[in-house]
Amino acid sequence: MQTVGFTTTIPVEVVLAAGRRPVDLNNVFINADDTAALVRQAELEGYPRTACAWIKGLYGTLRREMVDEVIVVTEGDCSQTHAMMETLRDHGVRIVAFSFPYNRDAERLRAEIARLAEHFGVTWEAAEQVREELRRLRGKIARIDELTWQKGTVTGFENHYYQVSCSDFESDPVAFEAKVDGFLAEVATREPTPPAIRLGFLGVPPIYSDLYQFLETRGARIVYNEIQRQFTMADSVDCGLLDQYQRYTYPYDIFGRLEDLKRQLPLRRLDGVIHYVQSFCFRQIQDTIIRQHLPYPVLTLEGDVPGPLDGRNKLRLEAFLETLEARQTRTRK
């Protein structure tokens, strides 16, 4: 089975309909034993220090991993992917470009998905059939999310892990669904452990390896992972393929994301939110809009290279939690 890598979530139904093995390269990179070495490899080959560590990690991963071709999202993701695509092509990597139109234009998006399907030799109907087959699995991941914020039987990291895995279903939807079934069976036997502080996590998945665990040891839990939840397509399981990827908020403007946030955050009874931003990423600028539009205490957490939280950010997180605890105390009085 030929392997198709990709740099961010794409219409994976097309890849699966073609009988190919989908691989989200972000997951390969961040779960590698030597993530820092993958970043260094990119720098040794000429990538600047000020390039995004995710981009450098993806490049380093592709210089090591054997994939048959790579789908690169050239609109709706990081602008640095353009240059990465060119350096990879220079090394002989087969590249397929895909775009999410910024304005969510239906005809442009339909044309992009149709072009991707034509490239892989599948029909729109075949991709729709795969979408239908994935509905049950996506629904089970939505149940994991519900158990996180409604019952308190799923940790913030488990919520993150199973949702972020929906970008490629760990390259095998059947095996991944069996894994999900086993997890749901195990969770059913747990006693609820409601957190003292309920947090939302906004922005791209973190490059830090221990963020969720650090918060749990201090009585806080992330009960809402914004972009990870978008990977599950939880709000569009009953939609067709085109509508599903129109509703997916990540590739489009910040205001579509805000609409989703204003629906989800009140449901989850949050005490505060962490807005994660990646160093040297244009999305850092959107932090000002998020702060203006959300009526919650916001901690902006910046990450650069992969690894555990440093001392400075641990202190900032602890101070933020103390502030939220003080707010709770004042509210109770």
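Guide: Let us begin with Q264, which has its place in helix α13, residues 254-267, bearing in mind that this is a predicted model.

Visitor: Why is Q264 called buried?

Guide: Buried means a relative accessible area under 20%, and because Q264 has a relative accessibility of 9%, it counts as buried. Leaving aside neighbours within four places in sequence, Q264 is in contact with Y224 and R229.

Visitor: What makes helix α8 count as mostly covered?

Guide: Helix α8 spans residues 156-164, and seven of its nine residues are buried, each having a relative accessible area under 20%. The buried residues in α8 are G156, E158, N159, H160, Y162, Q163 and V164.

Visitor: Which elements cover the buried residues of α8?

Guide: The cover includes the helices α2 (25-30), α7, α9 (173-187), α10 (211-216) and α11 (226-231), together with strand β6 (220-225).

Visitor: What makes a group of residues a nonpolar core?

Guide: The residues must be buried, belong to a set of types such as Leu, Ile and Phe, and be joined through side-chain atoms within 4.5 Å. The largest such core here has 89 residues, and those with the most contacts inside it are I71, F98, L199 and L215. Helix α7, residues 124-151, supplies the largest share of this core, namely eight residues. In soluble globular proteins, nonpolar side chains tend to be buried together.

Visitor: Which residues does L215 touch?

Guide: Not counting residues up to four places away in sequence, L215 touches L199, A220, I222, I274, L317 and L321.

Visitor: What makes a space a cavity, as against a pocket?

Guide: A cavity is a set of points where a 1.4 Å probe fits but cannot get out, whereas a pocket is an open set. A search of the whole structure finds one cavity of 30 Å³ or more, and the largest cavity has a volume of about 80 Å³. Among the residues that line this cavity are G203, Y250, R257, H275 and R283, and strand β7, residues 272-278, gives the most to the lining, with four residues.

Visitor: How do the residues of that cavity lining divide by class?

Guide: The lining of the largest cavity divides into six nonpolar, four polar and two charged residues. Arg counts as charged, so R257 and R283, which are both in the lining, belong to the charged class.

Visitor: What is known of the largest pocket?

Guide: About 800 Å³ of space lies in the largest pocket. Of the 43 residues that line it, N26, N27, I30, W54 and P205 are the closest to its centre. The elements β2 (21-24), α2, α4 (53-64), α8 and α11 each supply at least two residues of that lining, which divides into 23 nonpolar, 14 polar and six charged residues.

Visitor: Which residues lie nearest the centre of the second largest pocket?

Guide: They are L16, E133, D172, P173 and V174, out of 16 lining residues, and the volume of this second largest pocket is about 280 Å³. Helix α7 gives the most to its lining, with five residues, while β2, α7 and α9 each supply at least two. By class, the lining has eight nonpolar, two polar and six charged residues.

Methods. Residues are numbered from 1 along each chain as its sequence is written. This is a predicted model: local features need pLDDT of at least 70, side-chain atom pairs count only at pLDDT 80 or more; totals for chains, interfaces and linings use all residues. Side-chain values use heavy atoms; hydrogens and water are left out. Buried means under 20% relative accessible area, exposed over 50%, partly exposed in between (1.4 Å probe, protein chains only). Contact means heavy atoms within 4.5 Å. On a 1 Å grid over the protein atoms alone, a cavity is a set of points where a 1.4 Å probe fits but cannot get out, and a pocket is an open set with protein on both sides within 12 Å along at least five of seven lines; lining residues have an atom within 4 Å of a point. Grid points are joined across faces, edges and corners, and a volume is the space filled by probe spheres set on the points.
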